[in-house]
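Biologist: Could you take me through one part of this model in detail? I'd like to hear what sits against what, residue by residue where you can.

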Amino acid sequence: MNFNGFQNSNGNWMENASKNAHVQASASKTIAGVYGWMSFGVLISALMGLVLVQTQIIQALGNFYYGVIIAQLGVVLVMSFAAEKMSAAALKGMFLFYAVLTGFTFAILMLIYPIGNFIALFAMAAMGFAALAVFGAVTKKNLGFMRTFLIMGVFMILGANIVNIFIHSPILRSFTGWAGILVFSGLTAYDSQRIREGAYELALHDAGDTQAIRKFMIFGALTMYLNFINLFISLLKVFGGNRD
């Protein structure tokens, strides 16, 4: 599903749409659905991670770490490139499956970092995410100019993380942490604006298409979920310390 078409350089249509009470109510409901599903996904991941740690199942699953990472990547790719052909129910199921898989990542993080730091930085990420999402939704400035730089930043961080799997450099780890904080903060605001504009676009032209609206909610939830999780992990890299 492509949100880029919603980043219109002409903001007049948004001003007109926001003055229509019916359109505004429909868009607000869609936006609430996006963040509702996103929050539900984070809750599932956190609870799954806690269960894996408390039951010590994570110890037995440790050897499957890279398999889980590959599975997570596969789910995101399928949702990204096949969203238009999938039903809303199928997208919902894949999103929930992804949230469960990410619970494995949460469990690993709980073992690596002191639990006090983990909780404090989770709360910090949540507050920062909320502030950035609100900013992206209310600002009148078109944030589309950041898109190219943010995408380049994501690929740079991904490449650096892959390299660091082999060299285990503390400096490179710190770099990816600071870069991640900047990039995923920017993506949170940018994607929040895209979601708001997309919700109004749907309210204007596809208000009766419940499948389109439900798919938009789930894909928007996945987008913001990924931004939040990566912002949280980036904060842990910089400020999390370790259990040693």
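Modeller: Let's start with Tyr-225: setting aside neighbours within four places in sequence, this residue is in contact with Met-38, Gly-41, Val-42, Ser-45, Phe-95, Tyr-98, Ala-99 and Thr-102. Bear in mind that this is a predicted model. Tyr-225 also stands out in the largest nonpolar core, a set of 63 residues, where Tyr-225, Met-38 and Met-79 touch the most other members. Helices α2 (21–54), α4 (65–81), α5 (88–112), α6, α7 (147–167), α8 (170–205) and α9 each put at least two residues into this core. The top contributor is α9, with 15 residues.

So, on to α9 itself. This helix covers residues 210–239 and packs against α6, residues 115–138, at an angle of about 135°, the two axes lying 9 Å apart. At that angle the pair counts as oblique, because only values over 145 would be called roughly antiparallel. The crossing of α6 and α9 is right-handed. On the α6 side, the contact is made by Asn-117, Phe-118, Leu-121, Phe-122, Met-124, Ala-125, Ala-126, Phe-129 and Ala-133, and α9 answers with Met-224, Asn-227, Phe-228, Leu-231, Phe-232, Leu-235, Leu-236 and Phe-239. Sorted by type, the residues of this contact come out as 15 nonpolar, two polar and no charged.

One more stop on α9 is Ser-234. With a relative accessible area of 5%, Ser-234 is buried, because the cut-off is under 20%. Neighbours within four places in sequence aside, Ser-234 is in contact with Thr-176, Gly-177, Gly-180, Ile-181 and Phe-184.

Methods
Residues numbered from 1 in each chain as written. Predicted model: local features only at pLDDT ≥ 70, side-chain atom pairs only at ≥ 80, totals over all residues. Heavy atoms only, no water. Axes fitted to C-alpha atoms, helices over the stretch in contact; angles between N-to-C directions. Helix = DSSP H or I, 4+ residues; strand = E, 2+ residues; numbered from the N terminus. Parallel < 35°, antiparallel > 145°, perpendicular 65-115°, else oblique. Left-handed = near helix turned anticlockwise from the far one by under 90°. Contact = heavy atoms within 4.5 Å. Nonpolar A, V, L, I, M, F, W, Y, C, P; charged D, E, K, R; others polar. Buried < 20%, exposed > 50% of the residue type's maximum accessible area, 1.4 Å probe, protein only. Core = buried A, V, L, I, M, F, W, Y, C linked by side-chain atoms within 4.5 Å.
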